[in-house]
Amino acid sequence: MNELLVIADPGLMAERAAWLENLARERRLSEHTLDAYERDTRQFLTFLTGHLAGPATLGDIRELRPADFRAFLAARRKQGSGARSLGRNLAGLRSLLRHLEKKGLVNAAGAAAIRSPKQPKSLPKPLSDTQAITVVSDEAQLHDEPWIAARDAAVMTLLYGCGLRISEALDLVPADLQKGATTLRITGKGNKTRLVPLLSVVFDAVEKYRTLCPHHLESSEPLFRGARGGKLQAAIIQRAMQKLRSAFGLPETATPHALRHSFATHLLAGGGDLRTIQELLGHASLSTTQVYTGVDASRLLEVYDRAHPRA
């Protein structure tokens with residue numbers, strides 16, 4: 001924060017702080033996104049310090065032109081930022097400028113005139129059916145403590161069996177999985193709620209963990225606990241997956257999030273409807289889900305190349 005006070009005047013810093021608070025309180029953006037927006041705007045203000053030869057003011061922001069934003073993106077690219085990072089940089093700046101524009105402090109047209117960098121198309125990398133089933137099984141878990149092995153298996157089963165994001169799985173409380181339930185209500189990105197089918201194999205995995213867990217699980221407290229009883233952190237599951245990669249010779253792309261990709265890809269390969277898969281994943285736009293059609297096509301071509309006598 002001391003660094004920020006040097007690169008922008010108090011008025012601009014106060015407005016930036018209000019914008020970040022608004023994103024957290026009213027728009028309920030994730031902590032990860034807030035951190036990224038804070039960092040992006042800090043980098044922009046740092047750039048402006050050199051670009052304008054002094055700490056930025058609201059007046060300076062008001063006078064910015066498209067060329068100034070292009071200069072910032074060029075500087076970031078020179079420092080090694082790729083298209084995705086540059087696109088997020090620009091998204092954060094536009095959000096801040098819209099906040100200032102609504103208060104009549106600046107005109108956001110300069111940033112709006114800049115075209116976002118073209119994003120490279122990268123397909124999700126799911127696990128095969130066999131790999132996914134291996135990863136979520138009790139027998140595969142590599143922890144000596146039975147309840148922790150059961151916990152890791154339960155979390156990974158939720159990711160693959162319900163298509164959850166890891167944050168969504170770790171935010172669950174015992175009351176979310178009542179005995180006899182056939183659906184699971186999930187609150188995802190943007191505070192949007194969706195229902196996903198709760199397969200018996202998923203419920204059984206969670207029940208095994210609950211039975212073995214040595215910590216008292218209040219109905220409204222976190223379901224998944226760390227070794228000392230606090231809320232389980234995503235990094236623990238990521239490390240568990242890293243050990244599984246090593247033990248079973250899985251590719252580096254085999255991450256907890258890859259289990260969510262596998263859920264979608266395997267549903268699509270089995271004849272699942274794209275619109276239904278969109279709802280199950282909690283995607284706001286169908287275009288986000290359509291990337292899995294590319295994954296499925298890639299897999300078909302791999303099978304063709306491997307198996308067809310004329311390939």
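Start with Arg 194 and Glu 168: both are buried, meaning under 20% relative accessible area, where exposed is over 50% and partly exposed lies in between, with a 1.4 Å probe and protein chains only. They form a salt bridge, with the closest N and O atoms 2.8 Å apart. The term here means a side-chain nitrogen of Lys or Arg within 4 Å of a carboxyl oxygen of Asp or Glu. This pair links distant parts of the chain: Arg 194 sits in strand β2 (residues 193–197), Glu 168 in helix α10 (residues 166–170), 26 residues apart. Helices (H or I, at least four residues) and strands (E, at least two) are DSSP runs, numbered from the N terminus.

A word on the source. This is a predicted model: local features need pLDDT of at least 70, side-chain atom pairs count only at pLDDT 80 or more, and totals for chains, interfaces and linings use all residues. Residues are numbered from 1 along each chain as its sequence is written, and side-chain values use heavy atoms, with hydrogens and water left out.

Back to the charges. How many salt bridges does the structure hold? There are 14. One of them joins Arg 88 and Asp 40, at 2.8 Å, N to O. Arg 88 belongs to helix α6 (residues 83–102) and Asp 40 to helix α3, 48 residues apart. Buried or exposed? Asp 40 has 0% relative accessibility, so Asp 40 counts as buried. Arg 88 is at 29%, so Arg 88 is partly exposed.

Next, Asp 138 and Lys 208. Their side chains meet in a salt bridge at 2.7 Å, N to O. Asp 138 is in the loop between α8 (129–136) and α9 (146–162); Lys 208 is in helix α11 (residues 200–212), 70 residues away. Asp 138 is partly exposed at 31%, and Lys 208 is partly exposed at 39%. There is also a network of salt bridges, linking Arg 16, Glu 38 and Arg 42.

Now helix α3 itself. It has 21 residues (31–51), and at 1.5 Å a residue it should span 30 Å; its end C-alpha atoms are 30 Å apart, which agrees. The expected span is 1.5 Å times one less than the number of residues. Its buried residues include Leu 34, Tyr 37, Asp 40, Phe 44 and Leu 48. Seen down the axis, the buried residues of α3 fall within an arc of 165°, so they line one face. That arc is taken from the directions from the helix axis to the C-beta atoms. On the other side, Glu 31, His 32 and Gly 50 are exposed. After α3 comes Ala 53, with a positive phi near 60°.
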